[in-house]
Amino acid sequence: MPEDSPNRRSLSRRKFLRGAGTAIAVTGAGALISTKVNGDATEPAEQGGTAQEGLVDVTLKVNGKTHQLKLQPRVTLLDALRERLQITGPKKVCDRGNCGACTVLRDGKPVYACLTLAVDAQGSEITTVEGFGTPEKMSEVQQAFVEKDALMCGFCTPGFVTAVTAALKKNPNADNEELRRACRGNICRCGTFNRVFEAAVEAAKKMKGA
Amino acid sequence: MQDVRWNDPKTTQYVNKHVPRVDGPGKVAGTAKYTFDIVLPGMLYGKILRCPHALATVQAIDTSAAKAMPGVRAVIEMAREGATMRYAGQEVAAVAADSEEIALDAIRAIRVSYDVQSHAVTTLTAMKDASRVSAPEEQARGQDPGQFWSSAAAVIEEEYYCPVRGHLCLESHGIVFRWDADDRATCWVSTQAVHGVAGELSGGLGIPQENLTVICEYMGGGFGSKFGAGVEGATCARLAKAAGKPVKLMLDRYEDQVAGGNAPDAYMKCKAAMAADGKLLAIEADLYGTNGPGRGWGVPFPYIYGVPNFRVRTHSVSTNAGAARAWRAPGHPQASFLMESVVDELICKLGLDGVKVRQMNQGSQVRSAQLELGAAKIGWERRNKNPGQATGRYQRGIGCAVSTWGGGGRGGSRCDVKIGQDGSVWAGIGTQDLGTGARTVVAMIVAEDLGLPLERVKADIGKSSLGSSVGSGGSVTTASIAPTIKMAVLAARARLFETAAPLLGVTAGELECAKGRVQARGNPSKSLRFEEVCAKLPAGGISESGSWNGALQQGGVAGAQFVEVEVDTWTGNVRPIKVVAVQDCGYAINRLTAESQVIGGVIQGLGMALLEDRRMDVPTGRQLNANIESYRVIGAMEVPDVEVVLFDTHDKVAGIGEPPVIPTAAATINAIYNATGVRIRTLPATPKRWFDALGAKS
């Protein structure tokens, strides 16, 4: 389960609102959501303002590398990672914090990248599933997922790997029940949960043994 | 070649064993590129404007404001003025823009006026309007069922309903389309049929099929909903043409659920009779359901069990809701829920043994044996002998149900195997991997017969430029591709032996591949390393292909499942405790991924039993839960222990992608009855439904 920790360090509320044009930041259930309020929600954005105007400079630190971007303030961390930086491990599925496929670590804690604005993620260390290991040199959790076949189509897998990795980082002695609970913010439509739990337990064992 | 058989499991390194999938590392490390992950230089983002009304005529479309927006590169109208929109979510117009955010603003700037008409969005409301109901198709056998109602030992007359369900593939439907020349293009499509889409799109675009390359190296689930590129695919190609740039058009979650297909519902009024010994006597039933705006709805009924006398009328109902598509074992989970509920009600009325009665009323020895085995594994004797007599808060019970499916393969595929003088091995076939492990199947079969480690084989799939293959539906993939791959690798190996034979001073017929060597059979002293033989191959190495060999596969699979549940009688909450799934699998190529398929089917079946329900808002005609929040699916906390038994029946390959999802819902509902004496006849079995059913009982 992501632990949301809105921590607007590098962008003042005023600057954010200015950059967003007529937008408002709403903090609900710990998540930052931007909602356009210029009259009718179906109205187009302000005339001529969409293509280049209103872009803000955003600096993101992802998997140890620093990236400079120019983005509309409404761009989520997930879209910034996927479409701008081509870091596509985190997946876009529900885009509203229901499924966990976009889970990334923000300063070590799991968050939903689709509920995090890119501007808001500045100043944090973002780690995606690509940051844990590579196909050639997998982390213990990744290795266990492969061995136990804890994936089918694989679209939810980066989210599960991230959730389990975070849980084991938080508590290396996490038991079956705790690891299962760590996955309760993630959905797998292929239905591979049982093997995810097996993999998580296996990874925990290996990490303790190492 | 007639003598070709699958490898004896006692001798194999990979085939018929548990083998982790070869593309697993890429999937867990986030490097596997799905359609949704494709980002091309200069790529634009496409978005579709959808009709908000369930039934309306388009009066006017004004796209001028959208076209004038900076960053908007193409706008096309998908509906003409005067067109009838038949469901909320139907496509009206599309845009391509520099970013997804601009594209979203642009579709909001399109003005459409509609003449809105009155709609019907559910089967139960639409069936009251005779113009929406097709003339019934009647199927009958034996005598008039009516004559059994007064004499039979047990008769029931009930109504059942199983709602429309979504696919919810985690990767939505979508496409990235790039024109490489006026009549040449490449596209990445999340699809269950790369060759099928190549034919569909090239035909629609009027370009030669060989000029269109369709790529789907990885896909985030299909479950039957992704055979075609669909209207969004053709639209994306048109946007890319108009803009002169590649376009990515992925549906969002709302669009995917309203327009990306669904599993149709099933409503049944049924009267049925059983003899005192448990023999089914007669069924009379009226079935209704909707495929959306079209017709042609139906489910196989009576299902599996032999009913000597029946009359079944099927009524297809037209509604103003998104069209149905194939959904993992189309029609069968619904039919199983209806039939197994009826059978179970009769069994319980007579106080008979559900396993014995099921065995008696069906003709498959395999299924009979599976019921026996499953009953032993779950502890069938622990079931409630008197359902409804327990008094504690938490009450447990066990239910069962069975399934049938085809799962045989189809011809027409080609696999290529190349062996280089450098010892490299490549195998390619234009199939696709929905998550079933198809790529691993390719690598395993080739590695096995060449005696090489799995990682030495480069398995190439998911491209229409590779040899033809069937669409992945009907559980046909493995039974269609495995025989073809086998024939291809045997052809390539025969060429390898031709080179090796004179080097080893034996005939080609005496050779075998084992542990990285080519050797005289049973005589490792007469051997060469695989690479040593490859180095002596003629220039260009080996390039062989194989086609389908029907003798290596066989359709027709049976299954039986047992579910144990615990019902909290204070809250009505049903908790699945344990599922035993016995699944006929023929000769399993990869036992590990086959088991995963069965687990997955069970989990989806539990979702059907307990949670999944497309909710339409009758007044507005829109789907209320087009998301993964209020359309609930099974999550980590609901998952029970699942014991999979792969029931090996013969030495030929059979497909099992679909059958494991069929009986789970029915077995769960039967288990709830066994636990509490409460019969739930409308899915899903929510706490409210359990209380409603409890109330109806008393």
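**Group meeting: a buried lysine and a domain interface**

Okay, let's start with B:Lys248: leaving out residues up to four places away in sequence, B:Lys248 touches A:Glu83, B:Thr35, B:Phe36, B:Asp37, B:Ile38, B:Val39, B:Met43, B:Leu44, B:Tyr45, B:Gly46, B:Ile175 and B:Val176, where contact means heavy atoms within 4.5 Å. Before I go on, this is a predicted model, where local features need pLDDT of at least 70 and side-chain atom pairs count only at pLDDT 80 or more, while totals for chains, interfaces and linings use all residues. Residues are numbered from 1 along each chain as its sequence is written, chains are lettered from A in the order in which they are written, and side-chain values use heavy atoms, with hydrogens and water left out.

So is B:Lys248 buried or exposed? Buried, at a relative accessible area of 3%; the cut-off for buried is under 20%, with a 1.4 Å probe and protein chains only. The side chain of B:Lys248 also makes a polar contact, at 2.8 Å, with the side chain of A:Glu83.

Now over to chain A. An automatic or database assignment gives domain 1 (13-46 + 55-129) and domain 2 (140-209). Between them, 15 residues of domain 1 meet 11 of domain 2. And who supplies the area on the domain 1 side? A:Lys91, A:Leu105 and A:Val129 give 41% of what domain 1 buries against domain 2, more than any other three residues; buried area being the accessible area (1.4 Å probe) that two parts lose on being put together, summed over both.Last one: 5 residue pairs are in polar contact across that interface, both residues at pLDDT 80 or more. Polar contact means N or O atoms within 3.5 Å, one able to donate a hydrogen and the other to accept it, with sequence neighbours counting only through side-chain atoms on both sides.

How values were computed. Buried < 20%, exposed > 50% of the residue type's maximum accessible area, 1.4 Å probe, protein only.
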